[in-house]
Amino acid sequence: MKTATIRQKFLDFFGKNNHKVEKSAPLIPQDDPTILFISAGMAPFKPYFLGLKKDLTRAASCQKCFRTTDIENVGYTARHHTFFEMLGNFSFGDYFKKEAIAMAWEFIIKEMGLPKDKLYVSVHHSDDEALEIWHNDIGVPRDRIVKLGDKDNFWTIGIGPSGPCSEIYIDQGPEIGCKSPNCAPGCDCARYLEFWNLVFTQYDRAEDGTLTPLERKNIDTGMGLERLASIMQGKFDNFENDVFVGIVNKVETITGHRFNESDKIRTALKVVSDHVRALSFALADGGLPGNEGRGYVLRKILRRASRFGYSYLGQEKPFLHQIVPTVAEVMCDYPEVKENADHVIRIVRNEEERFLQTLKTGSDKLAEYVDQLKSAKKNTLSGERAFLLHDTYGFPLDLTREICKEEKIEVDEAAFNVELEKQRERGRANVVSAFVNFQAINPGDYKPTVFTGYQTMNDTANVLDVVSAKDQVLVITDKTPFYAESGGQIGDKGQISSGSAVFVVDTTESTEGVYLHIGHWQGSQTFAKGAQVQMQVDVPSRRATMRNHTATHLLHKALQQVLGDHVKQAGSQVSPDRLRFDFTHFEGISAADLEKIETLVNQQILAAHNVHVDEKSYEEAVKTGAMALFGEKYGDRVRIISVGNYSKELCGGTHIGNSAEIGLFSIASESSIAAGVRRIEAVTGESSLDVLHDLRHHERDLAQILECDQKSLHQKAEKIMHELREMRRELDRLRKSDAHGRIEKVRASARQIGGMSVILSRTDGLSVDEMKEISDELVGNAGEKTLVLLACGGDKAGFVLKLSGDLVKKGLHAGKLIKDVAKVAGGSGGGRPDMATAGGKDVEKIDQALSEAEKLITQALNG
């Protein structure tokens, strides 16, 4: 039975049993910024389980799910996946155990036709009610019902709703089990395969573990579709069922490897197939690789797939993106993958291109460390070396851990974390805050400051404290109109005065609700604790900041309209002179798209939208469609900033009253600040005019340099570029002519060793890449029985070794040979069996290294 048929039969069955069949929710949570991905069938129904929604009592779904808790097992087992489909039926205060068990049994026996004599069930050891239903009502023999403990058969999230579970197993036969006479459901072996879990949410668990029966009991069941499909198709490995076989076949075609070629190849094919399927769905649903949270998880599995492709399937160039169309075809019941295939392909290709540069360097360095450990008969990679790989070579710890595990080497992660914390401390030391001079202040000694700055920019207040440290002074008051730096908006500046005493506020910060006005005295007069003061925010500065802050909201919305809903804020800074907005996106923005974005923002400014501020509970705010930022911590009450009907975000910053007050919005720059994160800097109001004036000045200066008028700049630049291209073509022709002569000279140095054509030659003046091109051509033209080792001098020694395929089959390994050669010149290297590179510190020993190479090659060919 095909997977698609099973999926539809399940939904049809429960639809006939009065369940509302719900479409799968996207993998990216739409209204819950507390979770990274939808990882269970019940997740979209959380409001119903919590009693927040009550318009539904029965539901069924086939939910797309994404989990990476067991990612290290994916590829090594028959059942682990990062993306999977979860079949589930749910009751919210309607039916309970008796009906849930009866419907589950009816579906697997009548709809799926599974043999009763192969089925077993487990119940919680305390759940006699479920045991009696299975035995007396359903007719399952008592010896096929197993009682298990909390670990296997009790569902809980800690404090709150919880309850016992009942799981259904199928006996796959003693031939694939552990052969133990005590083997039974719950055993870690593969014989008894659990495929459906029925959770009976019937208790409220207290902090001390006390279980109190719930008035409103729920049912939450989950059955892995891939697992059921394998059972129905007689497959012991999910990667051989009809959903995966097409994807695996595509990976086989691309790489030239076969599923049953070896254990390592099978694992690599499974990893790549699983991870690309998961990425296709997650990216299609709006995810994007990044350095934190959800983005980091996606980047992690993409890099894991790329690493297995590189290390075991010989893929040195990006290839994962080629699998995406096959995923879209195989998973055609989910049209979102096909509809977003081009978008997914671009992201995957760009990410893999960047990572492969890191992967080769990091893999070679780690291989060197592993060889040294094995030579010294040690089995632990130091935390310092793991951190060096992470920090200097950009090699992720999870890949270091996984590669070392394959080599039976442990990683000292405790020492790694020590090094990581040292780096963070260095980073923190470089971040200067005006508050650092006042660390002796205890915010708990003061009442939280009342902020009045949403309503006014001047106010009277009482001074709670005045503290001096070095060349700075800090003033704390009971209330303030000064905005304290937060949410990307810088702190206000201005003045605090009492009579003739004037305190100049340079910036405002806060800690634990206490506002800190940091600055200096103007003149010799001062005031002290207990004084009543007049507080005046710098109005022009604040209004410029407000213009820029509202503009960031318009920019955020415009970016999503032009680039896609995957765009999410990744950071911002709002100051009087400019705004900076960081956001998730996978590639540079074209000039045409930047113009569209800029135009959209200015259209909303000209529309003169009123800016409306509202305050609601977080849950109410999200229901209105207000945009919440993932990872941001919100209180019970939140502010909603709406710019007309165009933009709606949760925000605690200060804003103008009408979009027209922004004046003009101009993008100053767009750049990359990290993989998958872009930055736009922009200006508004008078600052936009300053940018326009600067452009005119630059245009005049450039016209003078190129000796033309401003209108002819384009034509003059084109003429200069044309002349430059012609000169480059001539230079390229001369280089190729010289390279051809070099190749023939090197070819002429070939000698016969052990019936093979061996070329050992110095090619000083060439780069390693140029030597690789020459060796490729020499071996490629010869076809077989050819070995080429080239060396070059300069600041350091460089070596390239290339073998024809027949020599590799005879057991020669370029990566191993070149390490021994490079040692002579005080270096190291490595690579594939047919191609390897190395470097050395001692240039004077290149000839000695070539002589050593001749001895090693002679021994290998005549051995």
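Visitor: Is Asp834 buried or partly exposed, and what is its relative accessible area?

Guide: Welcome! Keep in mind that this is a predicted model. Asp834 is partly exposed, with a relative accessible area of 22%.

Visitor: Which residue does Asp834 meet in a salt bridge?

Guide: The general idea comes first. Side chains of opposite charge can pair when their charged atoms come close. Here, the side chain of Asp834 meets that of Lys802 in a salt bridge, at 3.7 Å from N to O. Lys802 sits in strand β30 (residues 797-803), while Asp834 belongs to the loop between β31 (827-831) and β32 (835-840), so this pair ties together parts that are 32 residues apart in sequence.

Visitor: Which residues are joined with them into one network?

Guide: Salt bridges that share partners link Lys802 and Asp834 with Glu316, Asp776 and Arg832. As for Lys802, its relative accessibility is 12%, and because the cut-off for buried is under 20%, Lys802 counts as buried.

Visitor: How many salt bridges does a search of the whole structure find?

Guide: The search finds 44. One of them sits within a helix, so let's look there next: Lys360 and Asp364 are both in helix α12 (residues 341-375).

Visitor: How should I read the spacing of Lys360 and Asp364 in α12?

Guide: An α-helix has 3.6 residues a turn, so residues three or four places apart point the same way. Lys360 and Asp364 are four residues apart, which separates them by about one helical turn. Their side chains meet in a salt bridge of 3.0 Å, N to O. Lys360 is partly exposed at 29% relative accessibility, and Asp364 is partly exposed at 27%.

Visitor: What are the accessibilities of Lys20 and Glu22?

Guide: Lys20 has 48% relative accessibility and counts as partly exposed. Glu22, at 24%, is partly exposed as well. These two side chains meet in a salt bridge at 3.5 Å, N to O.

Visitor: Let's turn to helix α1. What span should its 14 residues have?

Guide: At 1.5 Å a residue, helix α1 (residues 3-16) should span 20 Å, and its end C-alpha atoms are 20 Å apart, which agrees.

Visitor: Which residues of α1 are buried?

Guide: They are Thr3, Ile6, Arg7, Phe10, Leu11, Phe13 and Phe14. Looking down the axis of α1, you would find the buried residues within an arc of 160°, so they line one face of the helix.

Terms used
Residues are numbered from 1 along each chain as its sequence is written. This is a predicted model: local features need pLDDT of at least 70, side-chain atom pairs count only at pLDDT 80 or more; totals for chains, interfaces and linings use all residues. Side-chain values use heavy atoms; hydrogens and water are left out. A salt bridge is a side-chain nitrogen of Lys or Arg within 4 Å of a carboxyl oxygen of Asp or Glu. Buried means under 20% relative accessible area, exposed over 50%, partly exposed in between (1.4 Å probe, protein chains only). Helices (H or I, at least four residues) and strands (E, at least two) are DSSP runs, numbered from the N terminus. The expected span of a helix is 1.5 Å times one less than its number of residues. The arc is that of the directions from the helix axis to the C-beta atoms.
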